[in-house]
There are 2 protein chains.
Amino acid sequence: MLKELTIDQFTETLASDSPVPGGGSAAAMAGATAASLVAMVASLTVEKTGYEESWDEMSGIREEMEAVRVFFLDSMDRDADSYAEVIDCFKLPKNTDEEKACRVKAIQDALYEAAIVPLSIAEKGADIFDYARIVIEKGNKNASSDGAVAALMARASVKGALYNVKINAASLKDPDRKAELLQKVEDLERKADDAEGEVLKLLEF
Amino acid sequence: MLKELTIDQFTETLASDSPVPGGGSAAAMAGATAASLVAMVASLTVEKTGYEESWDEMSGIREEMEAVRVFFLDSMDRDADSYAEVIDCFKLPKNTDEEKACRVKAIQDALYEAAIVPLSIAEKGADIFDYARIVIEKGNKNASSDGAVAALMARASVKGALYNVKINAASLKDPDRKAELLQKVEDLERKADDAEGEVLKLLEF
């Protein structure tokens, strides 16, 4: 699994001429980093004097962000695997009409899956902004910049993953599926830009 | 070294209640990811039919990005170490006037170093945009979205690192050093936003 690679190994593999892992897995890793930074601020708040009123909420956020971190780490492979499946489908035989029809169907299904997986990364990444805001507003003030970095990473994760949604949706023949995906892309792109801006505004100095 | 941790271990450590590693190391990791994604597009272009005219340039970019990747991986520790040094200096004895003066001097020097290190991360991250633009314009079209994700990661790296510059510069007593650092922060923040926007515009669809 990609999460078992060291950071040195992962970035080296990313830089290679293999088509996977690529931007989608990098986006998932950025999401894991964002969730971890929110968890860090929460961790630095629990049991700290002066923040007694936030202890329960921060403890809950730390737990939720741990689940989000695990989701993103697993998504690094899910994204790479879904795209590898598209590549495999293109190699299916196309000698007879039946084989051709079967190949087209397999490619279309694989493309849809390869759009749905990064969409789930983008949706999960977009959820992080609210948590980043809460830890900056109610968490340990000494760590609030880590909440800001979380928002920067969440935006990179969302918008990065959406490139893979767009690329794969572009090759879909079903106009309804395509339109539905592209509408979600547009909404999430706007949300990522707006929400990041709102979080960063909390600690302008 | 942090680069020797698996992605699972690194993000878990990040999420803990230890003040380091934090946003600065995360920013450095994002920079390493950005450099690797640019290198990936270059790698997927070298020796590919149809891109013969770009082979030499892409080969050069791949080498340069490898050096940048290594710089960022090492910077993950440099940032964590420089901030840990600030924390250590605050623990120095302050019983006599001499000890107090010595402590203040040590803290100020450590703070300056803890601002300079993330500044070097931000400066290196800002260099990536030009390479991202070149690989999108002249590299393998099938991988151009990886160049776009590189630009997203580079912006997160630059702006994330700059938070640590600002925080540490804010506690500097020397007004000239402080003003010089804050001017650089302002310039780099603007550059990161503008340059990312220009790169992403290259593949709007």
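This is a predicted model: local features need pLDDT of at least 70, side-chain atom pairs count only at pLDDT 80 or more; totals for chains, interfaces and linings use all residues.
**Entry 1: chain A overall**

I started with the fold of chain A. I found six helices and zero strands there. Reading from the N terminus, I get α-α-α-α-α-α. I then boxed the C-alpha atoms of chain A along the principal axes, and the box came out at roughly 75 × 35 × 30 Å.

Next I looked up burial. Chain A has 205 residues, and 53% of them are buried. The accessible surface of this chain is about 8,800 Å², with 49% of that belonging to carbon and sulfur atoms. For contacts, I took those in chain A with a separation of 6 or more; 77% of them join residues 24 or more positions apart.

**Entry 2: how the copies relate**

**Entry 3: the cavity**

With a threshold of 30 Å³ or more, the count is one cavity. The volume of the largest cavity is about 30 Å³.

Which residues line the largest cavity? From chain A I wrote down Met29(A), Ala30(A), Thr33(A) and Met153(A). From chain B I wrote down Ala26(B), Met29(B), Ala30(B), Thr33(B) and Met153(B).

Then I sorted the lining by element. Helix α2 (23-43) of chain A and α2 (23-43) of chain B each give at least two residues to the lining. The largest share is that of α2(B), with four residues.

**Entry 4: Met76(B)**

I picked Met76(B), which sits in helix α3 (residues 55-90) of chain B. Is Met76(B) buried or exposed? Met76(B) has a relative accessible area of 0%, so I put it down as buried.

I listed the contacts of Met76(B), leaving aside neighbours within four places in sequence. In chain B, Met76(B) is in contact with Leu2(B), Phe10(B), Ser25(B), Ala28(B) and Met29(B). Across in chain A, Met76(B) is in contact with Ile7(A). One of these contacts, Met29(B), also turned up in the lining of the largest cavity.

I checked the spacing to Leu2(B) as well. Met76(B) and Leu2(B) are 74 residues apart in sequence, yet their C-alpha atoms are 6.5 Å apart in space.

**Entry 5: Glu196(A)**

I then turned to a charged residue, Glu196(A), in helix α6 (residues 175-201) of chain A. At a relative accessible area of 4%, Glu196(A) is buried, because the cut-off for that is under 20%.

What is Glu196(A) in contact with, neighbours within four places in sequence left aside? My list for chain A reads Phe129(A), Ala151(A), Leu152(A), Arg155(A) and Lys191(A). From chain B, Arg155(B) is in contact with Glu196(A).

Glu196(A) and Leu181(A) are 15 residues apart along the chain, and their C-alpha atoms are separated by 22 Å.

A reminder to myself: most residues other than glycine have a negative phi, and most peptide bonds are trans.

I looked for exceptions. Val20(A) and Pro21(A) are joined by a cis peptide bond, with omega about -5°. Val20(B) and Pro21(B) are also joined by a cis peptide bond, again with omega about -5°. Pro21(A) is in the loop between α1 (7-15) and α2 of chain A, and Pro21(B) is in the loop between α1 (7-15) and α2 of chain B.

For phi I noted Glu47(A), which has a positive value near 70°. Glu47(A) lies in the loop between α2 and α3 (55-90) of chain A. Glu47(A) is at 65% relative accessibility, so I logged it as exposed. In chain B, Glu47(B) has a positive phi near 70° and lies in the loop between α2 and α3. I have Glu47(B) as exposed too, at a relative accessible area of 64%.

How values were computed: Residues are numbered from 1 along each chain as its sequence is written. Chains are lettered from A and ligands numbered from 1 in the order in which they are written. Side-chain values use heavy atoms; hydrogens and water are left out. On a 1 Å grid over the protein atoms alone, a cavity is a set of points where a 1.4 Å probe fits but cannot get out, and a pocket is an open set with protein on both sides within 12 Å along at least five of seven lines; lining residues have an atom within 4 Å of a point. Grid points are joined across faces, edges and corners, and a volume is the space filled by probe spheres set on the points. Buried means under 20% relative accessible area, exposed over 50%, partly exposed in between (1.4 Å probe, protein chains only). Contact means heavy atoms within 4.5 Å. Accessible areas come from the Shrake-Rupley method with a 1.4 Å probe; for residues, only the protein chains shown count as cover.
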